[in-house]
Amino acid sequence: MMLHSTRGGLHVPIWRRVPKRWAALTNWTPRLPDDALVIRGGTLLPSDLQRSVLKAIKELRRPALSIFSADVLIPADLVESAGSRLIHTSVCLSTAGRLRKAGFVLEQTFEPPHYSVWLSETNWHDQLSTFRSAFDVPVPVRTLGRVQADPGRPSK
Amino acid sequence: MRDLWVDFNDLDSHGNTVTLQEFAEPGVNLHVGAWIIVGDDDGNLCRAQVTSLGRDGTVALVIDAGSFQPSDAMSEAFA
């Protein structure tokens, strides 16, 4: 039995392909696997994160931060998927599993691969440092083909 | 020098984004149709046009992605 297939030169296990086909038929969004890559543009300055949460509270009625994520293992694939929406020249990398382990919930919002990371309505201020520590240090976008997110190491 | 803070992670595929009027720098006059400089605290800057002002304090913009200028600090660090 064939357990792997090749898509764009990448080996994609069959158990990862079936949910995507089902999603295409039903509009169901599959849960990101823990090793799915996450990117957020910029350097995660606390002042930028705080303003972004304040904006989300006004716009979405919930505290949230934007990220890009997809069920890919190579950062360059995620950058390509984000297209013109990823304007930054430097980004911070993480994985869905690291953010979940830090206590966050990810939900696909707006156009994929955009996701919202939901924060606590009562203590989101305190969660900003936890959010930052779930990412690696910033790297230039142009090097992303050669960099892979560490699945479990804190950034600092 | 920026006129208004934005989060560049919130762009849609057409360059539209939303921020808050309260994040404008002092003295900046926001009005529909105005071309302004938006940026974040990293120092990234970009031209943008105001497309609407909400009564709830939001401001919608369309970013001119071609004018994006990354921060000097990041450019030097990665040179």
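Leaving aside neighbours within four places in sequence, B:A48 is in contact with B:I36, B:V38, B:L61, B:V62, B:I63 and B:D64, where contact requires that the C-beta atoms of two residues, placed from the backbone, lie within 7 Å. The model is predicted, so that local features need pLDDT of at least 70 and side-chain atom pairs count only at pLDDT 80 or more, whereas totals for chains, interfaces and linings use all residues. Residues are numbered from 1 along each chain as its sequence is written, and chains are lettered from A and ligands numbered from 1 in the order in which they are written.

B:A48 is buried, with 28 other C-beta atoms within 10 Å; a residue counts as buried if 20 or more other C-beta atoms lie within 10 Å of its own, as exposed if 12 or fewer do, and as partly exposed in between, with C-beta atoms placed from the backbone. The C-alpha atom of B:A48 is separated by 8.5 Å from that of B:A65, 17 residues apart along the chain. B:A48 belongs to strand β4 of chain B. Strands (E, at least two residues) and helices (H or I, at least four) are DSSP runs, numbered from the N terminus.

In chain B, five strands form an open sheet with mixed pairing, in the order β1-β3-β4-β5-β2. Its edge strands are β1 (4-5) and β2 (16-20) of chain B, each of which pairs on one side only; two strands pair if DSSP finds at least two bridges between them. Strands β3 (residues 35-39) and β4 (residues 45-53) of chain B run antiparallel and are joined by five bridges. Across this pair, B:I36 stands opposite B:A48 and B:W35 stands opposite B:Q49. The hairpin of β3(B) and β4(B) has five residues between the strands, and B:G43 takes a positive phi near 105 degrees there. β1(B) and β3(B) run parallel and are joined by two bridges, with B:L4 opposite B:V38.

Between the chains, 24 residues of chain A are in contact with 24 residues of chain B. On the side of chain A that touches chain B, β3 (37-41) and α2 of chain A are the elements that give two or more residues. The largest share of this side, eight residues, comes from α2(A). By class, the side has five nonpolar, 11 polar and eight charged residues; Ala, Val, Leu, Ile, Met, Phe, Trp, Tyr, Cys and Pro count as nonpolar, Asp, Glu, Lys and Arg as charged, and the others, Gly among them, as polar.

α2(A) has 15 residues and reaches 20 Å from its first C-alpha to its last, close to the 21 Å expected, the expected span being 1.5 Å times one less than the number of residues. Its buried residues are A:D48, A:L49, A:R51, A:S52, A:V53, A:K55 and A:A56. The cover over these residues includes β4 (64-70) and α5 (124-133) of chain A together with β1 and β2 of chain B. Just after α2(A), A:R61 takes a positive phi of about 65 degrees.

In α5(A), the residues A:W124, A:Q127 and A:F131 are buried. They lie on the same side of α5(A) because they cover an arc of only 55 degrees around the axis, the arc being that of the directions from the helix axis to the C-beta atoms. The face turned away from the buried side of α5(A) carries the exposed residues A:D126 and A:S129. Among the elements covering the buried residues of α5(A) are α2, β4 and β7 (114-118) of chain A.
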